[in-house]
Amino acid sequence: MQMPPVARLLGWTFAGWDPEAREFSVRFTAREDFVNPAGTVQGGMLTAMIDDTMGPAVVAASGGTRMCRTIDLHSHFLRPVMPGPVLVRARVVRLGQQVAFIEASLFDGDDRLCLRASSSASLGALPAAG
């Protein structure tokens, strides 16, 4: 699959896949132009990073046969994030026939937990590459 424009914007880089834990990891670059007036990375940008890791986690957990569309996404902001490297780990908790449940954690460049999230997503067939 081609990398979507939003993934390029966020600085998406594959960081790992653990099939036993069904955990997918992605590194992002929180750029200076992502900051809010307080000088920290805007929460919507961080949530986009979480969402852009949960989707690939579902694709990987389904063996590349399913994609998902977010139904709901709950973000819990634990500490501010400064511009720089970010790591997100998303784990597929349950992969049903029509709905997936996913959890994720976002870490800053100092490996501090900054955001936790949970999501449910409707499942569909992954479009054929072409």
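Which charged end sits over the ring of Phe 107? It is that of Arg 89, placed 4.9 Å from the ring centre. The model is a predicted one. Its largest nonpolar core holds 31 residues, and the structure has 3 aromatic pairs.

**Nonpolar core**
- Phe 28, Met 49, Ile 50, Val 86, Val 88 and Leu 106 touch the most other members of the largest core.
- At least two core residues come from each of α1 (5–10), β2 (23–30), α2 (43–61), β4 (84–95), β5 (99–107) and β6.
- The top contributor is α2, with 7 residues.
- Beyond its neighbours within four places in sequence, Leu 106 contacts Leu 46, Met 49, Ile 50, Val 81, Val 86, Leu 87, Val 88, Arg 112, Leu 113, Cys 114 and Leu 115.
- In soluble globular proteins, nonpolar side chains tend to be buried together.

**Aromatic residues**
- Trp 17 and Phe 24 make a tilted aromatic pair, with 6.2 Å between centres and 50 degrees between planes.
- Phe 24 has a relative accessible area of 8%, so it is buried.
- Trp 17 counts as partly exposed because its relative accessibility is 30%.
- Both belong to one aromatic cluster, formed by Trp 12, Phe 14, Trp 17 and Phe 24.

**Ser 120**
- Ser 120 sits in strand β6, which spans residues 113–125.
- Its relative accessible area is 10%, so Ser 120 is buried.
- The Ser 120 side chain makes a polar contact with the side chain of Asp 72, at 2.5 Å.
- Setting aside neighbours within four places in sequence, Ser 120 is in contact with Thr 70, Ile 71, Asp 72, Val 99, Ala 100 and Phe 101.

How values were computed:
Residues are numbered from 1 along each chain as its sequence is written. This is a predicted model: local features need pLDDT of at least 70, side-chain atom pairs count only at pLDDT 80 or more; totals for chains, interfaces and linings use all residues. Side-chain values use heavy atoms; hydrogens and water are left out. Helices (H or I, at least four residues) and strands (E, at least two) are DSSP runs, numbered from the N terminus. Buried means under 20% relative accessible area, exposed over 50%, partly exposed in between (1.4 Å probe, protein chains only). A polar contact is a pair of N or O atoms within 3.5 Å; within protein, one must be able to donate a hydrogen and the other to accept it, and residues adjacent in sequence count only if both atoms are side-chain atoms. Contact means heavy atoms within 4.5 Å. A nonpolar core is a set of buried Ala, Val, Leu, Ile, Met, Phe, Trp, Tyr and Cys residues joined through side-chain atoms within 4.5 Å. Rings of Phe, Tyr and Trp (its six-membered ring) pair if their centres lie within 6.5 Å; planes under 30 degrees apart count as stacked, over 60 as edge-to-face and the rest as tilted. A charge sits over a ring if NZ of Lys or CZ of Arg is within 6 Å of the ring centre and within 35 degrees of the ring normal.
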